[in-house]
Amino acid sequence: MGALDYISNFCTVTSTRSKRKPMQTVEIKVKMDCDGCERRVKNAVNSMKGVKTVEVNRKQSRVVVSGYVDPNKVLRRVKSTGKIAEFWPYIPQHLVHYPYVSGAYDKRAPAGFVRNVVQAYPASNAPEDNIVSLFSDDNVNACSIM
């Protein structure tokens, strides 16, 4: 081990730069009644550091923020405008197996959306179910099996 290696052990350089937040999209449900409410929410979020885009949909009461931001800080900033806000609780209806399960259907949800709740997935490993599906009309290969 040389003298240079010995001295370099004492001269370590530490990075004072903090890690950059990952690029992400934050969806928030905010009740907005007028153009003024919409503008106030958009300006509050737009002034945050790391925000790239802000999309406001007043009809759905939805704000979509993309950028290098912390979701909790975005929610706090929207709440600081005096509006009642929460993270977007809905998912598209076509992604759900049972959209009318208890707690999923919400009358206040925008068209095509249901509440994000735990679903019971239709998983059947019974051998008789597999045999029945072989000869169903929905199976495109049913004729080749027969």
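This is a predicted model: local features need pLDDT of at least 70, side-chain atom pairs count only at pLDDT 80 or more; totals for chains, interfaces and linings use all residues.
Residues are numbered from 1 along each chain as its sequence is written, and side-chain values use heavy atoms, with hydrogens and water left out.

**Select the protein chain.** Colour it by secondary structure and you'll have five helices and six strands; these are DSSP runs, numbered from the N terminus, with helices being H or I of at least four residues and strands E of at least two. Starting at the N terminus, the order is α-β-α-β-β-α-β-β-β-α-α.

Of the 146 residues, 26% are buried, meaning under 20% relative accessible area.

**Next, select residues 35–46 and 71–79.** These are helices α2 and α3, packed at an angle of about 140° with axes 9 Å apart; the axes are lines fitted to C-alpha atoms over the stretch in contact, and angles run from 0 to 180 degrees between N-to-C directions. The pair is therefore oblique, the class left after under 35 degrees (roughly parallel), over 145 (roughly antiparallel) and 65 to 115 (roughly perpendicular).

**Finally, show side chains.** Val41, Ala44 and Val45 of α2 meet Val74, Arg77 and Val78 of α3, with contact meaning heavy atoms within 4.5 Å. That makes five nonpolar residues, no polar and one charged.

Definitions and conventions: Ala, Val, Leu, Ile, Met, Phe, Trp, Tyr, Cys and Pro count as nonpolar, Asp, Glu, Lys and Arg as charged, and the others, Gly among them, as polar. Buried means under 20% relative accessible area, exposed over 50%, partly exposed in between (1.4 Å probe, protein chains only).
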